[in-house]
Amino acid sequence: LQINDKLWQDSKKNLFLPTHKRPLGYVFQEANLFPHLTVSGNLQFGLKRIRKSCNANDLQPILELLGIDHLLNRLPERLSGGERQRVAIARALALDPEILLMDEPLAALDYKRKQEILPFLSRLHQHLAIPVLYVTHSQQEVAQLADTLVIIEDGKSLAVGPISETLSRLDISLTQDREANTVWPATIIEHEIDYHLTRVDFIGGTLSLPMIDAAIGTKLRVQIFARDVSITLDLPNTSSILNILPARIIELSDDNNGQRVVKLEIDKQILLAHITLKSSLLLNLQTDMSVYVQIKGTSIVN
């Protein structure tokens with residue numbers, strides 16, 4: 001185990017750097033803040049571990065990044081669940097770690113609090129210059145935050161790779177799940193004000209999305225669920241669906257429940273579609289066939 005140029009563990013060399021000597025930050029499922037200390041006191045506690053003198057200015061970038069600079073004098077009991085977890089993340093970052101470990105940090109939060117804190121986690125992802133090992137069961141969190149995805153089952157690694165490739169592997173059960181999706185990087189290129197739409201550019205073309213409150217040139221991720229993709233052999237002359245794209249079938253797989261998973265390629269951009277086995281047979285879908293995909297819904301994940 002090596003972080004940057006420092007070797008932390010090597011069984012062959014009988015090397016094991018004790019955990020307390022490893023410069024790492026850890027965020028638990030629960031915030032685990034000291035209830036008798038203010039937010040400032042909780043953060044200072046972390047600072048005392050790594051230096052004798054504590055300068056509040058050292059924390060300012062972290063406070064601004066996580067939006068907690070106005071909470072410094074509050075006790076944990078006066079914080080919402082999302083605020084407590086942001087403070088816990090700030091405390092971990094105050095240690096100036098070389099790696100940040102996050103163990104299902106949103107698991108204890110309800111849906112509303114999760115939506116509150118996810119944008120801050122995205123900001124961390126964009127601004128931190130350290131690796132983050134993030135454990136989660138949520139495909140939504142994976143779609144929004146992950147660059148490299150490791151899928152683990154029964155303590156064994158089933159797949160490892162860039163998120164776009166790993167989410168679309170048909171040899172893992174994840175692609176047959178109802179929440180199966182693909183994530184595309186995209187850039188805003190136009191706002192159609194009259195229609196309350198935004199057009200984004202991706203590797204294989206453009207998409208029309210519900211209006212996004214962001215500037216032209218903003219980079220984002222688009223999440224497309226396999227259940228929202230349909231397939232047609234010919235380009236529809238009339239359709240209420242705006243996003244219709246040419247594609248090529250590269251792989252097919254069945255889930256034994258009358259559903260077929262179709263893996264498609266749009267100019268090297270991968271897309272999944274869930275259709276019925278009957279529909280696939282009626283269309284006589286085959287590998288390497290050229291088709292058109294209709295994308296009925298998309299969501300912006302950051």
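Notes on the model. I am working with a predicted model, in which local features need pLDDT of at least 70 and side-chain atom pairs count only at pLDDT 80 or more, while totals for chains, interfaces and linings use all residues. Residues are numbered from 1 along each chain as its sequence is written, and side-chain values use heavy atoms, with hydrogens and water left out.

Entry on S280. I then listed its contacts (heavy atoms within 4.5 Å). Apart from neighbours within four places in sequence, S280 touches L252, R260, I275 and L285.

Entry on the sheet. I traced an open sheet of five strands in the order β14-β18-β15-β16-β17, paired antiparallel. Its edge strands are β14 and β17 (269-276), each pairing on one side only. From one strand to the next the twist averages 45 degrees. Two strands pair if DSSP finds at least two bridges between them. I found four bridges between β14 and β18 (residues 290-295), which run antiparallel. T232 has Y292 of β18 as its bridge partner. Eight antiparallel bridges link β16 (residues 259-266) with β17, and E265 stands opposite I270 in β17.

Entry on the faces of β14. In a regular strand the side chains alternate between the two faces of the sheet. For β14 (residues 229-232) I noted V229 and I231 on one side, S230 and T232 on the other, and all of these are buried.

Entry on two helices. I looked at α3 (residues 81-93) and α4 (residues 111-127), whose axes come within 9 Å and cross at roughly 25 degrees. Axes are lines fitted to C-alpha atoms, for helices over the stretch in contact, and angles run from 0 to 180 degrees between N-to-C directions. The angle therefore makes α3 roughly parallel to α4 (under 35 degrees; over 145 is roughly antiparallel, 65 to 115 roughly perpendicular, the rest oblique). The residues making the contact include I89 and L93 of α3 and F120 and L121 of α4. I sorted the contact residues into six nonpolar, two polar and four charged (Ala, Val, Leu, Ile, Met, Phe, Trp, Tyr, Cys and Pro are nonpolar, Asp, Glu, Lys and Arg charged, the others, Gly among them, polar).

Conventions
Buried < 20%, exposed > 50% of the residue type's maximum accessible area, 1.4 Å probe, protein only.
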